[in-house]
Amino acid sequence: RVAKLLAGRADVHANDGGENAPTPIGLAWALLDTGATDTRAELVVNGWSPATHALFPAAARARAVELLLASHLLARSCQESSGQGTALLDVWVAHVMPRALHR
């Protein structure tokens with residue numbers, strides 16, 4: 001159910017009450033901070049990755065495609081000049097995209 005809600009644009013920062021009301025992401029972090037292993041909570045707190053791509057809203061997934069296209073253009077240029085295109089793609093996907101894509 002959590003995966004379906006996330007894919008359906010559930011707002012992990014929403015709360016149903018006042019300023020101090022818990023949010024889904026706050027509850028998930030609190031659960032994980034206890035040392036519990038909960039796949040549902042991990043889905044809520046994990047950022048973008050190829051494995052979580054389908055759990056992001058359509059706009060974020062579309063942005064991911066744009067970023068990947070840009071990275072392939074950069075990698076092609078890098079590959080031609082230094083032979084490091086694959087390394088650039090690896091770093092881009094692992095470090096740039098998770099910071100650029102949000103729910």
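## Exercises on a predicted model

The face of helix H2 turned away from its buried side carries two exposed residues, Leu27 and Asp33. Exposed means over 50% relative accessible area, buried under 20%, and partly exposed in between (1.4 Å probe, protein chains only). Helices (H or I, at least four residues) are DSSP runs, numbered from the N terminus.

This is a predicted model, where local features need pLDDT of at least 70, side-chain atom pairs count only at pLDDT 80 or more, and totals for chains, interfaces and linings use all residues. Residues are numbered from 1 along each chain as its sequence is written, and side-chain values use heavy atoms, with hydrogens and water left out.

**Exercise 1. Find the buried residues of H2 and describe how they are arranged.**

Step 1. H2 spans residues 24-33, and its buried residues are Ile25, Ala28 and Leu32.

Step 2. Look down the axis of H2. The buried residues fall within an arc of 60 degrees, so they line one face of the helix. The arc is that of the directions from the helix axis to the C-beta atoms.

Step 3. Recall the helix geometry. An α-helix has 3.6 residues a turn, so residues three or four places apart point the same way.

Step 4. Look for the cover. Helix H3 (39-45) is included in what covers the buried residues of H2.

Step 5. Gly35 follows H2 and has a positive phi, near 95 degrees.

**Exercise 2. Is Ser71 buried or exposed, and what does Ser71 touch?**

Step 1. Ser71 lies in helix H4, which covers residues 58-82.

Step 2. Ser71 has 0% relative accessibility, so this residue counts as buried.

Step 3. The Ser71 side chain reaches the backbone oxygen of Leu68 at 2.7 Å.

Step 4. Leave out residues up to four places away in sequence. Ser71 touches Leu88, Leu89 and Trp92.

**Exercise 3. Locate Gln84 and state how exposed this residue is.**

Step 1. Gln84 is in the loop between H4 and helix H5 (85-100).

Step 2. With a relative accessible area of 44%, Gln84 is partly exposed.

Step 3. Beyond residues up to four places away in sequence, Gln84 touches Cys78 and Gln79.

**Exercise 4. Describe the largest pocket and its lining.**

Step 1. On a 1 Å grid over the protein atoms alone, a pocket is an open set of points where a 1.4 Å probe fits, with protein on both sides within 12 Å along at least five of seven lines; lining residues have an atom within 4 Å of a point. A volume is the space filled by probe spheres set on the points.

Step 2. The largest pocket holds about 250 Å³ of space.

Step 3. Its lining has 14 residues, and Val2, Leu5, Pro24, Arg40 and Val44 lie nearest the centre.

Step 4. H1, H2 and H3 are the elements that give two or more residues to this lining. H2 gives the most, with four residues.

Step 5. By class, the lining has eleven nonpolar, no polar and three charged residues.

Note on methods. Contact = heavy atoms within 4.5 Å. Nonpolar A, V, L, I, M, F, W, Y, C, P; charged D, E, K, R; others polar. Polar contact = N/O pair within 3.5 Å; in protein donor to acceptor, adjacent residues only side chain to side chain.
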